Amino acid sequence: MEIIRCGVIGCGVIAPSHLSGLKNLPGVVVSAVCDMVEAKATAIARQYGVQVVETDYRKLLADPDINAISVCTDHSSHVSIVVEALRAGKHVICEKPLGISTRELDLMSETAAQFSHLVCAGVFQHRFEPVNRFVRALIGRGAFGVMTNIVLNSCLLRTDEYYLADPWRGTWSGEGGSLLINQEIHYLDLLDWFGGGIDSLCACCDNFCHRSVIETEDAAAVIMRFRNGVLGNVSATSGGPEDWRHTIILSGSRGYLEMRNDLIVYCRFSDAEIQREAEGWLHCDGVKSTPDGGKEYYGQGHPAQIKDFIDSIREHRRPYVTFADARRAVDVVIACYDSNRSGGWVKVGR
């Protein structure tokens, strides 16, 4: 088996999900970790048995023995690290969001196209969860009949302390927003994926509960139309009492389904066979435990996505979630912010 040597850049809260995923794969070696804060890198290196610790990510990119890079840093640094990694000949998997502006996304996309022989993956781990793949397959089979509506309702808690812990959080320059680009982007990606692509939207954002702490939004409401004509709407806040609660509802002429925190909690289909199938997934996501290094609300998908990234390197194929796929969700978020500023409908992407 070809040995693939990886480097992980960024040793914050998401890095353990990447490290545990990589360390559990046969024929994969984590050669080095990097963080600007040496103590963070040293601690995580000890925890996962990594020998090399660096504070300059360019040293990982200059190492000819490292084949692949996981980018787990703050939002605003993604574009420079990804572009430099590709130019250094490394395969790359980057945490969301790929970038925080259209200019950054364009640069990343152009560079990925220039180095098309390299694997370029963007992290949206919820696409790998069995229940979400089942729901998307139902849509593809026409189980809902004429699709009419897709709804997302979200309530989660982000405290002042959460934002104050890192100076980039809750800033336009460092985070590129907050609620939509950090937490809700996962579920906006699922809506876009389920619905076949969001065409246009109208959004309103505000800051109700963190006005003295952040300059970005902690609440948003969005109405949208998908390319196929389906209507959608989103209501979300990070100022609620609930730690993490998301509900997605899909409606059509022959089907209705509610998902809560990545579990199907109710379904009603006109077709009896489809109804039995869907009932088999009630309150069951197929996996009972949180993956090593993760948090419950990260879902179960990180190990599967990291395995797909490594497999795509070995098999010389595109990853399941390409940069182009991962860009879509950021385009949706940027459209929300543009709409909020303009007060009108905005087309998503180019």
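This is a predicted model: local features need pLDDT of at least 70, side-chain atom pairs count only at pLDDT 80 or more; totals for chains, interfaces and linings use all residues.
Local features require pLDDT of at least 70 and side-chain atom pairs count only at pLDDT 80 or more, whereas totals for chains, interfaces and linings use all residues. Residues are numbered from 1 along each chain as its sequence is written, and side-chain values use heavy atoms, with hydrogens and water left out.

Helices (H or I, at least four residues) and strands (E, at least two) are DSSP runs, numbered from the N terminus. Two strands count as paired if DSSP finds at least two bridges between them. Eight strands form an open sheet with mixed pairing. Their order is E13-E12-E11-E7-E10-E9-E8-E14. Strand E13 (263-269) and strand E14 (346-347) are the edge strands, each pairing on one side only. E14 pairs with strand E8 (residues 198-206) in the antiparallel sense, over two bridges. Lys347 in E14 is the bridge partner of Ser200. In general, strands of a sheet pair through backbone hydrogen bonds, either parallel or antiparallel.

Helix H6 (residues 130-140) lies across strand E11 (239-252), strand E12 (255-260) and E13. H6 runs at about 165 degrees to E12. Here axes are lines fitted to C-alpha atoms, for helices over the stretch in contact, and angles run from 0 to 180 degrees between N-to-C directions. Contact means heavy atoms within 4.5 Å.

Helix H9 (272-279) also meets this region: its buried residues pack against H6 and E13. These residues are Ile274, Gln275 and Ala278. Buried means under 20% relative accessible area, exposed over 50%, and partly exposed in between (1.4 Å probe, protein chains only). Seen down the axis of H9, the buried residues fall within an arc of 105 degrees, so they line one face of the helix. The arc is taken over the directions from the helix axis to the C-beta atoms. The face turned away from the buried side of H9 carries the exposed residues Glu273 and Arg276.

The structure holds seven aromatic pairs. Rings of Phe, Tyr and Trp (its six-membered ring) pair if their centres lie within 6.5 Å; planes under 30 degrees apart count as stacked, over 60 as edge-to-face and the rest as tilted. Phe134 and Trp281 are stacked, at 5.1 Å centre to centre and 15 degrees between the planes. This pair links distant parts of the chain, 147 residues apart. Phe134 is in H6, and Trp281 is in the loop between H9 and helix H10 (302-315). Phe134 is buried, at 10% relative accessibility. Tyr162 and Tyr163 have ring centres 5.0 Å apart and planes at 80 degrees, so the pair is edge-to-face. Tyr162 is partly exposed at 22%, whereas Tyr163 is buried at 3%.

A charge sits over a ring if NZ of Lys or CZ of Arg is within 6 Å of the ring centre and within 35 degrees of the ring normal. The charged end of Arg133 sits over the ring of Tyr320, 4.2 Å from its centre. Arg341 lies over the face of Trp172, at 6.0 Å from the ring centre.

Most residues other than glycine have a negative phi, and most peptide bonds are trans. A cis peptide bond joins Lys96 and Pro97, with omega about -15 degrees. Pro97 lies in the loop between strand E5 (91-94) and helix H5 (102-114). Asn261, in the loop between E12 and E13, has a positive phi near 50 degrees. Asn261 is partly exposed, at 32%. His316 has a positive phi near 55 degrees and is exposed, at 73%. His316 lies in the loop between H10 and helix H11 (323-342).
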